Amino acid sequence: MDLRDLWAEALAGMLARPVRSALTTLGTVLGITTLVITLGIAATAGNQIVGRFDELTATAITVEIPDKPDPLVAWDAPASLTRLRGVTSAAALAQTDKSSNLQVTSNTLVDPTRVTGQTLAVVATGPELPQAVRGRMTGGRFFDAGHITRRDRVVVLGDQAAKMLGVTRLESAPAVFIGDRAYTVIGILGDLRREQILSTAVIVPPTVGADFGLKNVTRVLVNTTLGAADLIAGQAPVALSPNHPGELQVIAPPSPKRARDGVQDDVNGLFLILGLVSLVVGAVGIANVTLVTVMERVAEIGLRCSLGAARRHVAAQFLLESTLIGMTGGVIGASLGLVAVVVISAAKEWTPVLDLRLALAAPLAGAVVGLLAGLYPALRAARMEPVDALR
């Protein structure tokens, strides 16, 4: 029996009972579909989560600067950072332990029935801060280079600090008292996506910060474009302090690739067992149906053997039938799985991530399942004696 005859006989045997073959294929279809959906959704979800991670975290760099008598970083040094390719914004800040606990009041009256004073942090910074912390002015305006040049005694309150001090309207140019000195509130900064702790702080220009010992920059906030964080993390110390880059500590975000791999591993580990169980169920179904087919076709087997078919020919025919059933289930399962990944991604407004190698490997996996499932029934058919089969 040549290969063409063997193929024709196996295909005829599978199509002789189309309903039974379809139901047998269903187990493999479910297993392959589950595997394809699992791996596809894992890759898609991992890519989506890492994308959100990138937006909020993977583009944020913080440079910590020791507070020394001789300043390591000048107040205008962040301007040199923005000239680097990949940097979207940067701002310098100054804060000390002493300035983190200052008494701030909204008036100088002492009213025992009201709490008018709060212990708040005072932070000195430049005009670039709102963009660097990804916030917006919910009231008034932020101070600019003109306020710094004129040494104006102005402050900007974080939105939570403004609530604590009872400052809600800026039309009348309210003032707050830090110690016994008054400072005009010109703006309220809120909706901070970075450095949310500044929402409870009093933000002052560097010229005002000198009143509280905030002369030296202690921290620089840097925002980058996607994928540029690692490069900028290495260049930032040199750009900020060319003479002492080794004394600056850079806090860079973790690698997005590591996060993506972790998400995919977690999702794969959770659902891979389900796909394997479905494949095992499909294999058992193929084995059962193939074994029943062998029992039903005993007379056919005996007739083939009496006409000269060898045992290997009988075994090969039933093996090929079960392999074709498994391969058919693999093709259908891979198609349904890929369609399901696209539909789920579209429903979630995600970008689907499809691996062509998975689509090509799924039919092969189905064929292997069918081959293994049909091994025992094929061997049993091959071991039948022609005389017993004919009887």
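Arg150 is exposed, with a relative accessible area of 54%. Exposed means over 50% relative accessible area, buried means under 20%, and partly exposed lies in between (1.4 Å probe, protein chains only). Asp152 forms a salt bridge with Arg150, and the closest N and O atoms are 3.0 Å apart. The model is predicted: local features need pLDDT of at least 70, side-chain atom pairs count only at pLDDT 80 or more, and totals for chains, interfaces and linings use all residues. Residues are numbered from 1 along each chain as its sequence is written, and side-chain values use heavy atoms, leaving out hydrogens and water.

**Salt bridges**

- Seven salt bridges turn up in a search of the whole structure. A salt bridge is a side-chain nitrogen of Lys or Arg within 4 Å of a carboxyl oxygen of Asp or Glu.
- Side chains of opposite charge can pair when their charged atoms come close.
- One of the bridges joins the side chains of Lys68 and Glu247, at 2.3 Å from N to O. This pair links distant parts of the chain, 179 residues apart. Lys68 sits in the loop between β1 (60-64) and α3 (78-81). Glu247 sits in the loop between α8 (229-240) and β11 (249-251).
- Helices (H or I, at least four residues) and strands (E, at least two) are DSSP runs, numbered from the N terminus.
- Lys68 is partly exposed, with a relative accessible area of 35%. Glu247 is partly exposed as well, with a value of 30%.
- Glu171 and Arg169 form another salt bridge, with the closest N and O atoms 3.5 Å apart. Both Glu171 and Arg169 are exposed.

**Positive phi angles**

- Most residues other than glycine have a negative phi, and most peptide bonds are trans.
- Ala173 has a phi near 50°, a positive value in a residue other than glycine. Ala173 lies in the loop between α6 (159-165) and β7 (175-178). Its relative accessible area is 46%, so Ala173 is partly exposed.
- Asp191 is not a glycine, yet its phi is positive, at about 55°. Asp191 belongs to the loop between β8 (181-190) and β9 (201-204). With 42% relative accessibility, Asp191 counts as partly exposed.

**A nonpolar patch**

- Val19, Leu23, Leu26 and Leu30 make a nonpolar surface patch of about 410 Å².
- Patches are made of residues with over 30% relative accessible area and no salt bridge; like charges are joined within 9 Å, nonpolar side chains (Val, Leu, Ile, Met, Phe, Trp, Tyr) within 5 Å.
- Accessible areas come from the Shrake-Rupley method with a 1.4 Å probe, and for residues only the protein chains shown count as cover.
- Leu26 has its place in helix α2 (residues 18-58). Leu26 is partly exposed, with a relative accessible area of 43%.

**Helix packing**

- Helix α10 (residues 298-306) and helix α11 (residues 311-348) pack at an angle of about 140°, and their axes are 10 Å apart. That makes α10 oblique to α11.
- Angles under 35 degrees count as roughly parallel, over 145 as roughly antiparallel, 65 to 115 as roughly perpendicular, and the rest as oblique. Axes are lines fitted to C-alpha atoms, for helices over the stretch in contact, and angles run from 0 to 180 degrees between N-to-C directions.

**A buried alanine**

- Ala162 is placed in helix α6. Ala162 is buried, with a relative accessible area of 2%.
- The C-alpha atoms of Ala162 and Leu189 are separated by 9.2 Å, and the two residues are 27 residues apart along the chain.
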